[in-house]
Amino acid sequence: MREYPSEHNKIVSELLDGKFITSPSPLFYKIQELEDDYSEFFMKLFNYILNIEAEFAYLSSDEVNEKRTRDFTLFLAILSRELDYSGKNFRDKIELGSFDINETEELLRQSSKWEILEKTTVSEFEKFLKTWRGKNLIVLDGNKFKFTKAVKLFFTFAMEIAEEKLKEKTNEENVNA
């Protein structure tokens, strides 16, 4: 029988709970070290794909349609839009900065896109933030929050969606030309 490290149960429970394991956590480095073993473990037992990026690890599956992930992506997109409109480098602010909880909620509520967010879990903003803190995507510190390195996954996802939409539009224009 394969010998797993002493951190095995914590690694498995955190990943199965939908958490991101981020650098510099010792768990992240253990997953990197045993990438092949853990990839096989999660695929054989759970049919999940272990994804290891440069600074974080997480599980995914083609069979899961995660509503909370959609809500987070919408939140990030609208927050990025509002930061951009206010003249801030939204990517740097999100990846490196911190946010006041009340100011951010007010910024989102004043957005012309609030009607989209109010139909999601973002409408209960502090509860929403606590949920994502539990997934290691946000760090809460008093009345402030910041994003962990795992937020890069959502930027990549958003860029893929935008590129796909652009291709669809280009193909449609070519057909109609």
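Me: Is Leu108 buried or exposed?

Reply: Let's start with the words: buried means under 20% relative accessible area, exposed means over 50%, and partly exposed lies in between, using a 1.4 Å probe and protein chains only. Leu108 has a relative accessible area of 0%, so Leu108 is buried. One caution before we go on: this is a predicted model, where local features need pLDDT of at least 70 and side-chain atom pairs count only at pLDDT 80 or more, while totals for chains, interfaces and linings use all residues. Residues are numbered from 1 along each chain as its sequence is written, and side-chain values use heavy atoms, leaving out hydrogens and water.

Me: Where is Leu108 placed, and which residues does Leu108 touch?

Reply: Helices are DSSP runs of H or I with at least four residues, strands are runs of E with at least two, and both are numbered from the N terminus. Leu108 sits in helix α6, residues 101-110. Contact means heavy atoms within 4.5 Å. Not counting residues up to four places away in sequence, Leu108 touches Phe75, Ile78, Leu79, Trp114, Leu117, Val122 and Phe125.

Me: How many residues are in the largest nonpolar core?

Reply: In soluble globular proteins, nonpolar side chains tend to be buried together. A nonpolar core is a set of buried Ala, Val, Leu, Ile, Met, Phe, Trp, Tyr and Cys residues joined through side-chain atoms within 4.5 Å. Here the largest one has 29 residues, and Leu108, Phe75 and Phe125 are among those with the most contacts inside it. Helix α4 gives the largest share of this core, six residues. Apart from it lies another core of 14 residues, including Val12 and Tyr38.

Me: What about charged side chains: how many salt bridges does the structure hold?

Reply: Side chains of opposite charge can pair when their charged atoms come close. A salt bridge is a side-chain nitrogen of Lys or Arg within 4 Å of a carboxyl oxygen of Asp or Glu. The structure holds ten of them. In one, Glu14 and Lys10 meet at 2.8 Å, N to O. These two are four residues apart in helix α1 (residues 8-16), so about one helical turn separates them. Glu14 is buried at 12%, whereas Lys10 is partly exposed at 47%.

Me: Which salt bridge links distant parts of the chain?

Reply: Look at Asp17 and Lys135, whose closest N and O atoms are 4.0 Å apart. Asp17 lies in the loop between α1 and β1, Lys135 in the loop between α8 and β5, and they are 118 residues apart. Asp17 is partly exposed at 42%, while Lys135 is buried at 10%.
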